[in-house]
Amino acid sequence: MRKIIGNAFSLQMLMDSIADVQVSPINKEEIAFNECESAIGHQDLADHLNVPMNRVNTKLSNNDILYVAQFMGGRLAEGTTMLQAEQMGLLQFFQITVSYPAIEYMAQMVLDNPEDHGLI
């Protein structure tokens, strides 16, 4: 299980189109940023959260946790590339966990019948 801090969640982060996605609000203070991989793609936000900026494509594996720092102040003006200091107060944090029923089912089938899969 990985822990990731990001500034967005996208369906393309899913490994399979059949997934259970749980979204829960979380307090910033509950996030151990030093234990998270950064997927923060904007330098000003990375600086604010004291994590490295890291523009990466993220795929969420079974039971990974994605913490999202989401700007909740409406749509930003066209061309905006930086959040102003007062906008940082409009960040809300969410914990997103993903599980894949098909992957869990197949894993359980292998565990229940290892001889059928050449494991013993």
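Keep in mind that the model is predicted, so local features need pLDDT of at least 70 and side-chain atom pairs count only at pLDDT 80 or more, while totals for chains, interfaces and linings use all residues. Residues are numbered from 1 along each chain as its sequence is written, and side-chain values use heavy atoms, leaving out hydrogens and water.

**Exercise 1.** Work out how many salt bridges there are.

Solution. Start with the rule: a side-chain nitrogen of Lys or Arg has to sit within 4 Å of a carboxyl oxygen of Asp or Glu. Apply that, and the count comes to three.

**Exercise 2.** Find which residues are linked with Arg 2 in a network of salt bridges.

Solution. First, Arg 2 pairs with Glu 37 at 3.3 Å, N to O. Glu 37 is in strand S3 (residues 37–39) and Arg 2 in the segment before strand S1 (3–6), 35 residues apart; strands are DSSP runs of E, at least two residues, numbered from the N terminus. Next, Asp 64 bridges to Arg 2, with the closest N and O atoms 3.0 Å apart. So Arg 2, Glu 37 and Asp 64 form one network.

Methods. Helices (H or I, at least four residues) and strands (E, at least two) are DSSP runs, numbered from the N terminus.
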